[in-house]
Amino acid sequence: MSSQLSQLASRLDQIAPFHAMELAKMAADLERQGRHIVHMGIGEPDFTAPQPVIDAAARALHAGRLQYTPATGLPQLREAIAAHYRLTYGVDVSPARIIVTAGASAALLLACAALVEKGAEVLMPDPCYPCNRHFVAAFDGVAKLIVTGAEHRFQLSEAMVQQNWSAQTRGVLLASPSNPTGTSMATGELRDILATVRAKRGFVLVDEIYHGLRYDGEPFSALSLGQDVVVINSFSKYFNMTGWRLGWLVVPPELAAPIEKLAQNLFICPSVIAQHAALACFSPEAAGIYEARRREFKRRRDYLVPALKELGFKVPVMPDGAFYIYADCSALSDDADKLTIAMLNEAGVVMVPGRDFGAHRTQQHIRISYATSMENLSIAVERLRAFLCRR
């Protein structure tokens, strides 16, 4: 066994544990002991797929429509996604540029497999979703984290990209809205970054998996800025289909065939029943349900942000999307890891320490998910108030 372990690929050294999952396991242990835990850690909607989606899956199952699809996905689903971009964003996207994938994770894997070479640097903000940098590392690239702050809404600016671009840099990976901060990029800033990266003949990947969950401003996709942007999206967050494992990529025309070749070899095709179910996501009945749920997420945000400030957390930037708050806990503790463990054990509330999301001031930050009911949020606030009064 030891000789086998010694042969593990060195790239594994660049893949850090996901501490959010470790806290979730600790919470599950407490629940098995009979404790009631409020989960504000994992980024999973408490809403599940609405009835029209479930009904579509059942119809496909009973009809036996479960054979392999093309590696790029059901043609009718690709057409439905293209229609979604026209209706929601006013952008014409050819279905030929859309690749349906086994979740947004598979979309990122395919994009990195096509674009990231050994030693290639990819710029991304600190903080950011940890798996983004790990996908780059999986293909022997280097995720170069650039410190961002509240003054930039925790997003990269064109000046940051310009200052940090090196001979080894090949591209930029952005997220809007972002996990863990819930902030979106300003349209002008994204346009300027694209112009700079184009001039350097690099690539731009934009993670848009929280699109739809926007609470301020008009819907906007990076696809509005040109065909050369690679956009990643998902049926997990806005469409509430987390366990169905379905997402998509929109790629430049010249990248469609290479990505299809990779998808054929790595995945054969995405889940077929999930694809048939996802067709119903774009029905008028489902659209009304999703819009009501979006309003409910906004209501939760508008309740929780002031409540956290009252408890002593600092929220320097109002999140405008997703279902996260990136809070500064330095007035309460100088160690976010210890604070989150204490909140779990003593208050029965799960939150995630900042170290999952980067390296800069992580001990002063925690990520808080409001993807749970208003009742649970109210319970959590009262428990935290009592917990902090005891400290």
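What follows is a chat about reading helix packing, a strand and salt bridges in this predicted model.

Biologist: Before we start, what are the ground rules here?

Modeller: It's a predicted model, so local features need pLDDT of at least 70 and side-chain atom pairs count only at pLDDT 80 or more, while totals for chains, interfaces and linings use all residues. Residues are numbered from 1 along each chain as its sequence is written, and side-chain values use heavy atoms, with hydrogens and water left out.

Biologist: At what angle do H5 and H6 pack?

Modeller: Helices (H or I, at least four residues) and strands (E, at least two) are DSSP runs, numbered from the N terminus. Axes are lines fitted to C-alpha atoms, for helices over the stretch in contact, and angles run from 0 to 180 degrees between N-to-C directions. Here H5 (residues 103-115) and H6 (residues 130-138) pack at about 35°, with axes 9 Å apart.

Biologist: Which residues make that contact?

Modeller: Contact means heavy atoms within 4.5 Å. H5 brings Ser-105, Leu-108, Leu-109 and Cys-112, and H6 brings Asn-132, Phe-135 and Val-136.

Biologist: Now strand S2: are its faces buried or exposed?

Modeller: In a regular strand, side chains alternate between the two faces of the sheet. Buried means under 20% relative accessible area, exposed over 50%, and partly exposed in between (1.4 Å probe, protein chains only). In S2 (residues 98-101), Ile-98 and Val-100 sit on one side, Ile-99 and Thr-101 on the other, and all are buried.

Biologist: Which strand does S2 pair with?

Modeller: Two strands pair if DSSP finds at least two bridges between them. S2 and S8 (residues 247-250) run antiparallel over four bridges, with Leu-249 as the bridge partner of Ile-99.

Biologist: How many salt bridges are there?

Modeller: A salt bridge is a side-chain nitrogen of Lys or Arg within 4 Å of a carboxyl oxygen of Asp or Glu. The structure holds 18. One of them joins Glu-296 and Arg-299, with the closest N and O atoms 2.9 Å apart.

Biologist: How are Glu-296 and Arg-299 placed in their helix?

Modeller: They're three residues apart in H11 (residues 284-311), so about one helical turn separates them. Glu-296 is buried at 18%, whereas Arg-299 is partly exposed at 46%. Both also belong to a salt-bridge network with Asp-46 and Arg-300.

Biologist: What about Lys-298 and Asp-302?

Modeller: Their side chains meet in a salt bridge (2.9 Å, N to O). Both lie in H11, four residues apart, about one turn of the helix. Lys-298 is partly exposed at 28%, and Asp-302 is partly exposed at 32%.
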